[in-house]
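Reader: Please show me the sequence and the model. I would like to go through them by question and answer.

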Amino acid sequence: MSPVSLDNKKASYDDIAERVRNCKACPLHRLRTNAVPGEGNLSAKIMLVGEAPGKNEDEQGRPFVGAAGQLLSSLLEQAGLRRQDVYITNVVKCRPPNNRTPTEDEVAACIGFLKEEISLVRPKVIVALGNTAGSALMSLAGKQWRGVTAERGRKVKVSIGGVELTVIPTYHPAAALYKPDLKDYLAKDIKEAAEEAEEPARARKTLLDFMGG
Ligand code: SF4
């Protein structure tokens with residue numbers, strides 16, 4: 001990618017992040033310390049989407065910086081990925097009181113930012129962390145959602161904001177902190193996402209091997 005297009009991406013990202021920080025489109029803005037825009041590699045092949053900021057994220061204005069974020073970072077490492085390789089964001093950018101699930105109205109008010117982030121980053125794979133993320137992404141894609149227990153681990157081909165990509169629904173890392181048996185599923189799904197993101201490169205390599213290249 002040329003430096004110019006990277007500059008353009010950075011400018012577009014800064015614009016989205018600034019609008020998130022100033023947004024008052026739903027009542028959650030009254031309770032926040034900081035709004036929490038997504039962050040990471042603007043050309044990432046993998047995007048991770050959570051539900052909403054928690055206490056630590058609200059205090060620091062950054063996504064996934066608490067205990068759930070630490071678990072996520074270690075699972076990324078296990079899959080051969082670094083935080084700086086991926087883009088991480090949430091469906092809702094301001095913390096709901098007591099970390100309650102965002103309401104449908106709050107998701108509807110905020111979802112445009114996620115759509116803009118997807119159009120900007122153009123990931124090949126999105127890991128949907130938890131029920132709210134899975135439901136919101138399937139709604140953007142015009143697909144049905146049957147809940148995270150039924151959908152987890154599937155690879156769903158979708159088009160969102162003009163971007164063709166695969167969504168892999170899985171559990172939220174916060175859920176895995178409370179129920180450690182979910183951690184293996186989460187680790188497996190993140191590894192699956194890493195492999196899916198490299199799929200054409202692997203296919204090309206196999207073809208070259210076959211041709212003796
Ligand atoms: S949650 Fe989203 S829509 Fe609501 S105020 Fe924050 S940024 Fe705006």
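**Thr132 and its surroundings**

Author: Beyond its neighbours within four places in sequence, Thr132 is in contact (heavy atoms within 4.5 Å) with Glu51, Val91, Thr101, Pro102 and Val107. This is a predicted model: local features need pLDDT of at least 70, side-chain atom pairs count only at pLDDT 80 or more, and totals for chains, interfaces and linings use all residues. Residues are numbered from 1 along each chain as its sequence is written, and side-chain values use heavy atoms, without hydrogens and water.

Reader: Is Thr132 buried or exposed?

Author: Buried means under 20% relative accessible area, exposed over 50%, partly exposed in between (1.4 Å probe, protein chains only). Thr132 has a relative accessible area of 12%, so Thr132 is buried.

Reader: Which residues of helix H5 are buried?

Author: Helices (H or I, at least four residues) and strands (E, at least two) are DSSP runs, numbered from the N terminus. H5 covers residues 131-140, and Thr132 lies in H5. The cover over its buried residues includes strand E2 (46-50), helix H4 (104-121) and strands E4 (125-129), E5 (156-160) and E6 (163-170). The buried residues are Thr132, Ala133, Gly134, Ala136, Leu137 and Met138.

Reader: Which residue just after H5 takes a positive phi?

Author: The angle is about 70°. The residue just after H5 is Gly142.

Reader: How far apart in space are Thr132 and Pro37?

Author: In sequence, Thr132 and Pro37 are 95 residues apart. In space, C-alpha to C-alpha, the distance is 17 Å.
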